[in-house]
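The chain and its model are shown first.

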Amino acid sequence: MVTLSSSMTLNLSTTGDESLEKSVVLHYIIIDMYFYLHGIVTLRFEDHVVIEVNGIGYEVTVPSIDDFPVGESQFIYVVYIISEDKQYFIGFKEIEEKMFFLKLTSVKGIGPKTALNMLKSVSFRRLEQAIKEGDEMYLSSLPSIGKKTANQIILDLKGKLALSKTMDNKIFKLAYDGLLQLGFKDKEIKESFMKIKDENMSVEDIISFVLKDRSK
């Protein structure tokens, strides 16, 4: 379990042109006991879906409801959050997106809501690219992200992000298919892929790495 806090500055109007600037600290806790939910997507709303697991419907806030068609059996990689006013799940279609979300929330001034709004406006791979390139202008154009916060994101995360392993990469796709045939599960393979820092490895090297990683 990781305890985090976020602060923001509010301008509270008083009388006339006067305003009072007040710093408010919003606390939240991210519980890491849930990794994913696996079930049938039964309902979709504006910003969340309901997934039925063993007869129980779980409400999960997601960056894009289009990733979760109603009636399909799906894995949703979730983060369970307890804030001062509510408890809720945020879910993602891919493990990599969940891990990226957790990295964003580790940045000073970035809470779950801000990180989620960023991922609603643009893909996590585009965000990852902007951080790696130190593109402050792009990051500061995103919702609730000013120049100071953009700089903080780059300072905290540049050089620390794992390379995204997507199925668009033919070498990783071949290694992925081979590992499935060896009996590994999708979740296990992608968890190991996240630890690989060299995208120029051969299929044999990738499979060897995963076999070694999963044997620990």
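## Two loop residues

Serine 144 lies in the loop between helix H4 (136-140) and H5; helices (H or I, at least four residues) and strands (E, at least two) are DSSP runs, numbered from the N terminus. Serine 144 has a positive phi of about 65°, although it is not a glycine. With a relative accessible area of 59%, serine 144 is exposed (exposed is over 50%, buried under 20%, partly exposed in between; 1.4 Å probe, protein chains only).

Asparagine 54, in the loop between strand S4 (48-53) and strand S5 (56-61), also has a positive phi, near 55°. Its relative accessibility is 79%, so asparagine 54 counts as exposed.

## Basis of the values

This is a predicted model, in which local features need pLDDT of at least 70 and side-chain atom pairs count only at pLDDT 80 or more, while totals for chains, interfaces and linings use all residues. Residues are numbered from 1 along each chain as its sequence is written, and side-chain values use heavy atoms, leaving out hydrogens and water.

## Leucine 127

Leaving aside neighbours within four places in sequence, leucine 127 is in contact with Phe100, Met118, Leu119, Val122, Leu139 and Leu142; contact means heavy atoms within 4.5 Å.

## Helix H8

The buried residues of H8 are Val203, Ile206, Ile207, Val210 and Asp213. Seen down the helix axis, they fall within an arc of 130° and so line one face of H8; the arc is taken from the directions from the axis to the C-beta atoms. These buried residues pack against helix H6 (170-181) and helix H7 (186-193). Glu204 and Lys212, on the other side of H8, are exposed.
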